[in-house]
Amino acid sequence: MENIEMNSNAPAAAKEEPKKVIFSGVQPSGLLTIGNYLGAIKNWTTLQDAYDCLYCVVNLHAITVRQIPADLRRRTYETLAIYIACGLDPDKNTLFVQSHVPAHAELGWLLDCYTMFGELSRMTQFKDKSAKNADNVNAGLFTYPTLMAADILLYQADLVPVGQDQQQHIEICRDIAGRFNGIYGNTFKIPEGFMPKTGTKIMSLADPTKKMSKSDSNENGYVAILDPRDVIIRKFKRAVTDSDTVVRYAEGKDGVNNLMNIYSCFTGKTHEEIEREFDGRGYGDFKMAVGEVVADGLTPVQARFNELMKDKAYLEEIMRRGAENAQRRARRTLSKVYRKVGFVEI
Ligand code: AQP
């Protein structure tokens, strides 16, 4: 053993800065798409060494839209398996399921009482989802952003890596936290949104003016991470483009722009490089090439996913470990909040 001499005059060892905290999640509300992959999960994997990351399968959010129970249960396992298959290491990140940590629902309720009806009414996701689910415009759909604020604030997260569609929810989370801090003194860290450089908004292949969504009723609109190769290629072949025939990134060419973004995310090539590569070639060639790079990129993810899904006990062990860790951290914030608002703790 090394003999270290203590010297009281020696300068104190440089104190290591604690890692910044990251929180994010995906709803197990369908087959995860390349929008979820490029806008969120792929970005998360680049953060796992430098940050203290918590990634959640947000099943409480998923029931704001009616789910078939057996599907929801299966997709909860699948979503966790996709996180790991995409490269999230369960030893470096806290991976967990939202309903396993009751503090989310508890803080969600409390924050409902500090969120205004008017601000929730302005959320575009609420407007879009109410239009899509006109027969089930439930209170949970309306207060979704408050629960999302609770998810983030419970862990005193510094950063929330999300796609562009979630930017408005990050803003309202900051407003709620600021309001609470204004009344009771510093309680919550005010988080920042953190968007990837590319892939922030992947559009539907069937209607490139709309975001690609896993709950789209038109299966040709999205490419699922688990879609087989032939399905991926067929969906790209059918992708809506325009009457022009030149592969270039320009205003009004939503379909081609979207395909160029996807190609760029999977190959690392810039738009200029893509334009040069497909100079003089038609859309047919281009769509085929996009389908192939996407299918190639997803092959290892799918292989790892299939292995993981054979071992439910392993996935449950990850869920259990993640929930214990998350619950311990979440409780600290919740106790602080309860004290501040005047709840008696026994
Ligand atoms: N099309 C997209 N482009 C880029 N990022 C996207 N994300 C979703 N769609 C795209 C990002 O994925 C993360 C998880 O999303 P979610 O499942 O919690 O909810 P969502 O944003 O409502 O995603 P979907 O696929 O549209 O789900 P459904 O259809 O169930 O509502 C978020 O970071 C999101 O930005």
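Q156 lies in the loop between α7 (139-154) and β4 (159-161), where helices (H or I, at least four residues) and strands (E, at least two) are DSSP runs numbered from the N terminus. Although Q156 is not a glycine, its phi is positive, at about 50 degrees. Most residues other than glycine have a negative phi. The model is predicted, so that local features need pLDDT of at least 70 and side-chain atom pairs count only at pLDDT 80 or more, whereas totals for chains, interfaces and linings use all residues. Residues are numbered from 1 along each chain as its sequence is written, and side-chain values use heavy atoms, with hydrogens and water left out.

A positive phi, near 90 degrees, also occurs at G185, the residue that follows α8. The buried residues of α8 are H169, I170, I172, C173, I176, A177, F180 and N181, buried denoting under 20% relative accessible area, exposed over 50% and partly exposed the range in between (1.4 Å probe, protein chains only).

S121, in helix α5 (residues 117-121), counts as partly exposed because its relative accessibility is 26%. Residues up to four places away in sequence aside, S121 touches K127 and F142, contact meaning heavy atoms within 4.5 Å. The C-alpha atoms of S121 and F142 are 7.5 Å apart, with the two residues separated by 21 in sequence.

Two helix pairs were examined through their axes, which are lines fitted to C-alpha atoms over the stretch in contact, with angles from 0 to 180 degrees between N-to-C directions. The axes of α4 (residues 103-112) and α13 (residues 312-341) come within 10 Å and cross at roughly 25 degrees. The two helices are therefore roughly parallel, given that angles under 35 degrees count as roughly parallel, over 145 as roughly antiparallel, 65 to 115 as roughly perpendicular and the rest as oblique. A103, E106, L107 and L110 of α4 make the contact with Q327, A330, R331, L334, V337, Y338 and V341 of α13.

The axes of α1 (residues 34-45) and α10 (residues 254-267) come within 12 Å and cross at roughly 50 degrees, and this pair is therefore oblique. I34, Y37, L38 and K42 in α1 meet I262, C265 and F266 in α10.
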